Amino acid sequence: RPASAPEATPTPPAATPPPAASATPRPTATPSLPPNPLGLRRWTLFPILYCIENPGDGYVSAEQFVALTELAFGVWGVPAQRIDACPPDGTGNRVGWGDLSGADVPAGTFEAGVTEVRYEECESGCDPDDPVRITRARVTIDRSPPPPFRTEACVASTLIHEVGHLLGIGHLEPPAMMAPQVSADCPTELTEADLAELRVRYGDLARPAP
């Protein structure tokens, strides 16, 4: 997610200590998803299990990064659960820090975060509502953005945006959380446009934070 050059450093929200990850559940099919006649890409197994790798490699503490990641999933409200450790074989849904300095973005912007999403196309016995479903995602947050963006508020904003991509939501017009670029105020609240895209995919299954 590219971000434009700031004029002032935003005030970060307070991060709460993260709860301990619980035992790994087994994702199960959820029959309460709404009809999806447009075949929008979405998850069909819940909770979405994810792990956090290298949480201490960025500009907030490891504890803050874990707490802000859990906050980001909570903002969208789709059932998700953090697991204790990332699989050693590189699989699974991952959230972590990385170097995005080489990203190809417009002049005067930088890539604050990137989400890679893998899809699986149904080939037989398919649900017409879900011909293509999301099966794996990886969220990377830039560990070295311009100094004014190195705040909890901006980590939270970027994580919320990238979790939106993880859920299958694309870019929307400003001032949506899913707008392609974010300014230095680093918003952390969903707009009606964001919520509409969430509901059309997940309906009542999603319980976004108020």
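1. E53 stands opposite G96 in β6, and this places the residue in the pairing of strand β4 (residues 48-53) with strand β6 (residues 93-98), which is parallel and runs over four bridges. Strands are DSSP runs of E with at least two residues and helices are runs of H or I with at least four, numbered from the N terminus; two strands pair if DSSP finds at least two bridges between them.

2. The model is a predicted one, in which local features need pLDDT of at least 70 and side-chain atom pairs count only at pLDDT 80 or more, while totals for chains, interfaces and linings use all residues. Residues are numbered from 1 along each chain as its sequence is written, and side-chain values use heavy atoms, with hydrogens and water left out.

3. Five strands make up an open sheet of mixed pairing, in the order β5-β4-β6-β9-β8. Because β5 (80-82) and β8 (113-121) stand at the edges with a single partner strand each, one side of each is left without a neighbour in the sheet. On average, neighbouring strands of this sheet are turned by 25° against each other, direction ignored.

4. Helix α1 (residues 62-76) packs on the sheet, where it touches β4, β5, β6 and β9 (132-142), and its direction makes about 155° with that of β4. Helix α2 (residues 152-166) lies across β4, β6, β8 and β9 and runs at about 15° to β8. Contact here means heavy atoms within 4.5 Å; axes are lines fitted to C-alpha atoms, for helices over the stretch in contact, and angles run from 0 to 180 degrees between N-to-C directions.
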